[in-house]
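Subject: A structure for you to look at

Hello,

Here is the structure I promised to pass on. Please open it first, and then read the notes below beside it.

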Amino acid sequence: MVVKKPEGLVLITPEGLRHDGRRPDELRPIKMEVGIFKNADGSAMVEYGKTRVIAAVYGPREPIQKFPLLPDKATLRVRYHMAPFSTEERKNPAPSRREIELSKVIREALEPIVLTEEYPRTVIDIFLEVIQADGGTRTAAVTAASLALADAGVPMRALVGGVAVGKVDGVLVVDIDETEDMYGEADLPVAAAPDIGLVTLLQLNGVMTREEFSRALDMALTAISKIVEMEKRTLRSGYVEAGGSEL
Ligand code: ADP
């Protein structure tokens, strides 16, 4: 759906900068922290600009309620949820269709990474709570989940990270915010594990030429490599923030 742009909103300036002053290939300021909750086995907070997501991981463990377990591997369960106060208009706290679908998409972005075969007949629960939403919550959620899994000591093949590339006023831009998502022509959320060369989430809303799609994917993968490097630094030191030319 194309929403009419508010008068006066300039998505790309004559100098080629975005509405918040970023260059097309510039990520928002990013913050990452692990070990934020004492009661979870692993936890993390990730901020991409004003988008803030927290993740809590429990397990591998026996399920608290009866649940059909897999004989040869652990079951990954993901709940993505937006807090009622995370959006401009209060969001109904009940899980929406969108949240149920995103929980599945995020689970599938993580499953190829986790060594589930090491923990048969157990569950690993990943709770993702969007505290503040300003675009790119599914991709920030994948990054937060990856950090929280590592913080919990869950064995993984590699770290995974996510970012959304958009097309606004005909220009490809990395790490779109809600304004760019709403008034842009296309949105391409991507999650990947660069260290093992896997893309684990790829969705396209809107229209791109084949050439733009290929360039947008390259831009996403370049950004994800930086995000995953930042995840590694965060796991070593507990907290990292970076932005602009540092990223
Ligand atoms: P993503 O957050 O992964 O980009 P969408 O493209 O569905 O997912 O959403 C884009 C942005 O729109 C979100 O980040 C959020 O800022 C806003 N948004 C999504 N769902 C809602 C909702 N139910 N109420 C208000 N704002 C929402």
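A word on naming before anything else: helices (H or I, at least four residues) and strands (E, at least two) are DSSP runs, numbered from the N terminus. This is a predicted model, so local features need pLDDT of at least 70 and side-chain atom pairs count only at pLDDT 80 or more, while totals for chains, interfaces and linings use all residues. Residues are numbered from 1 along each chain as its sequence is written, and side-chain values use heavy atoms, with hydrogens and water left out.

**Two loops**

With that naming in hand, Asp175 lies in the loop between strand 7 (171–174) and helix 3. Asp175 is not a glycine, although its phi is positive, at about 55 degrees. For accessibility, buried means under 20% relative accessible area, exposed over 50%, and partly exposed in between (1.4 Å probe, protein chains only). Asp175 counts as buried because its relative accessibility is 2%.

Arg121 is another residue other than glycine with a positive phi, near 60 degrees. Arg121 sits in the loop between helix 1 and strand 5. Its relative accessibility is 46%, so Arg121 counts as partly exposed.

**The helices**

The expected span of a helix is 1.5 Å times one less than its number of residues. Helix 1 (residues 97–110) has 14 residues and reaches 20 Å from first C-alpha to last, close to the expected 20 Å. Its buried residues are Glu99, Leu102, Ser103, Val105, Ile106, Ala109 and Leu110. They pack against strand 4 (75–82), strand 5 (123–132), helix 2, strand 8 and strand 9 (198–202); contact here means heavy atoms within 4.5 Å.

Arg98 is also found in helix 1, and counts as partly exposed because its relative accessibility is 36%. Leaving out residues up to four places away in sequence, Arg98 touches Tyr80, Met82, Thr137 and Arg138. Arg98 and His81 are 17 residues apart along the chain, and their C-alpha atoms are separated by 9.5 Å.

Helix 2 has 15 residues that should span 21 Å, and its end C-alpha atoms are 20 Å apart, which agrees. Helix 2 is mostly covered, with 13 of its 15 residues buried.

Helix 4 has 28 residues and reaches 41 Å from its first C-alpha to its last, close to the 40 Å expected. Its buried residues include Glu212, Leu217, Met219, Ile224, Ile227, Val228 and Thr234. Just after helix 4, Gly238 has a positive phi of about 95 degrees.

**The inside**

In soluble globular proteins, nonpolar side chains tend to be buried together. A nonpolar core is a set of buried Ala, Val, Leu, Ile, Met, Phe, Trp, Tyr and Cys residues joined through side-chain atoms within 4.5 Å. Which residues touch the most other members of the largest nonpolar core? Of its 64 residues, they are Leu110, Ile124, Ile126, Leu128 and Leu149. Helix 4 (residues 210–237) gives the most to this core, with nine residues. Apart from it lies another core, of seven residues, among them Ile12, Val168, Val173 and Ile176.

Strand 3 is worth a look too. Val53 is found in strand 3 and is buried, with a relative accessible area of 0%. Not counting residues up to four places away in sequence, the residues touched by Val53 include Ala44, Val46, Glu129, Val130, Thr137 and Ala144. Pro60 is found in strand 3 (residues 51–61) as well, and a cis peptide bond, with omega about 0 degrees, joins Gly59 and Pro60.

**The largest pocket**

On a 1 Å grid over the protein atoms alone, a pocket is an open set of points where a 1.4 Å probe fits, with protein on both sides within 12 Å along at least five of seven lines; lining residues have an atom within 4 Å of a point. Grid points are joined across faces, edges and corners, and a volume is the space filled by probe spheres set on the points. The largest pocket holds about 680 Å³ of space. Of its 23 lining residues, Arg138, Asp181, Met182, Asp187 and Asn205 lie nearest its centre. Helix 2 (137–151), helix 3 (178–183), strand 8 (186–193) and strand 10 (205–206) each supply at least two residues of the lining.

Best wishes
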